[in-house]
Amino acid sequence: GGAFASATDADSPAPDGHLEEGRFFTWIPAEVDAILDPESSALVQELYGITAVGPVEGRSVLYQARPPAPGEREALQRARHAMLQARSTRPAPQRDDKIVTAWNGYAISALARAAVARAEPRWAQAAVQTATAVLSGALGEDGRLRRLARQPGGSGGTAPLPDAVLEDEASLALACLDLFEATGDPAWIDQASARLQIVQRHFAAPGGGWFRTPDDGEALLVRSRPDHDGAEPSGTALVLEALLRLSHLTLDPQWQALADRGFAAHAHQLTERPTAVPAMIGALARRHAPAQELVIVWPPGADPAPLIDVVRSRWLPYTTRIMVEQSQLDAIAQRVPWIQGKLPQGEQPTAYVCEGGVCQRPTTDPGQLAALL
């Protein structure tokens, strides 16, 4: 349905039935010799670093030890095809098909940001499909997310889905903001706002900041307030980032005020242990960066690609970007007041570059846009 399963197992069965880590993906010279002619086998073993004493249970992880020479590429392509066919007969690692809400939020953001950076509409469509699937499975009738979008092992489970934790709601809020930038659909702003309202209603801590678990969740000895980043960014950092971005879009001061309280609640960590909280430091950098707005708007049928290419070629981490056809302006302006009046000039795609609400003269020229940025 578009969502992402959480993992595959590291282990898979060897011919004797015992589970071995990495067995499905790794190789030994004898396996290559059994598939390929001697010349091709020697080439593959040299190029992909396959030895008799590989690092994973004596087996080798393929890597490119050197680039193939032009005369080797055709033989290498045939060899790879034969090896892939042989590998497909091995027992594959088991898949953990849990759909974890937070992890899918990260995937949605990655797809949406990549779609903008590479002008790849298929990735934007995939991001929308994933978000739709996750919201369909994880969003309860009470408007709150669950930790999983479905029970493991398929959709037939009857046990209630576990409550969302902070990073579930927060990562979906950020994902929705990324989807808005990728698609121009203002409904994603509404969804981001709904997620942050839930965060504030059920996860807020006295004095600022947020607990990882909801106020009506399982009773714990201690409700932790996450700050340190691990394999994932802390839920606190995700909330701060989302609050600041939504504040910049909507100009609603409540969002920035909540973010400021959150920063204040974690001032000790930010000043005394900044290397432990890099995601929160990133949000703090956004809080102090000049608020830049970029709008590219075009009349129906016009091609905005020359202007959009200028934006794609630059890293603009603290710039709020809106790139839309003129017909979408009114719907967006109901949520983003500062987009009002930013119309195409001379029936051409037009760029507006603003900082703190003060705009430069609009331009239809890609070279001038580059200079403004």
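1. A cavity here is a set of points, on a 1 Å grid over the protein atoms alone, where a 1.4 Å probe fits but cannot get out. Grid points are joined across faces, edges and corners, and a volume is the space filled by probe spheres set on the points. In the whole structure, the search finds one cavity of 30 Å³ or more.

2. The model is predicted: local features need pLDDT of at least 70, side-chain atom pairs count only at pLDDT 80 or more, and totals for chains, interfaces and linings use all residues. Residues are numbered from 1 along each chain as its sequence is written, and side-chain values use heavy atoms, with hydrogens and water left out.

3. The largest cavity holds about 40 Å³ of space. Its lining (residues with an atom within 4 Å of a point) consists of R144, L145, R146, D163, A164, E169, F203 and P214. These divide into four nonpolar, no polar and four charged residues, where Ala, Val, Leu, Ile, Met, Phe, Trp, Tyr, Cys and Pro count as nonpolar, Asp, Glu, Lys and Arg as charged, and the others, Gly among them, as polar.

4. The count of disulfides (pairs of cysteine sulfur atoms within 2.5 Å) comes to one. C354 and C359 form this disulfide, with their sulfur atoms 2.0 Å apart. The torsion about their S-S bond is about 95 degrees, so the disulfide is right-handed.

5. Accessibility is classed by relative accessible area: buried under 20%, exposed over 50%, partly exposed in between (1.4 Å probe, protein chains only). C354 is buried at 3%, whereas C359 is partly exposed at 34%. C176 is buried, at 1%.

Notes
On a 1 Å grid over the protein atoms alone, a cavity is a set of points where a 1.4 Å probe fits but cannot get out, and a pocket is an open set with protein on both sides within 12 Å along at least five of seven lines; lining residues have an atom within 4 Å of a point.
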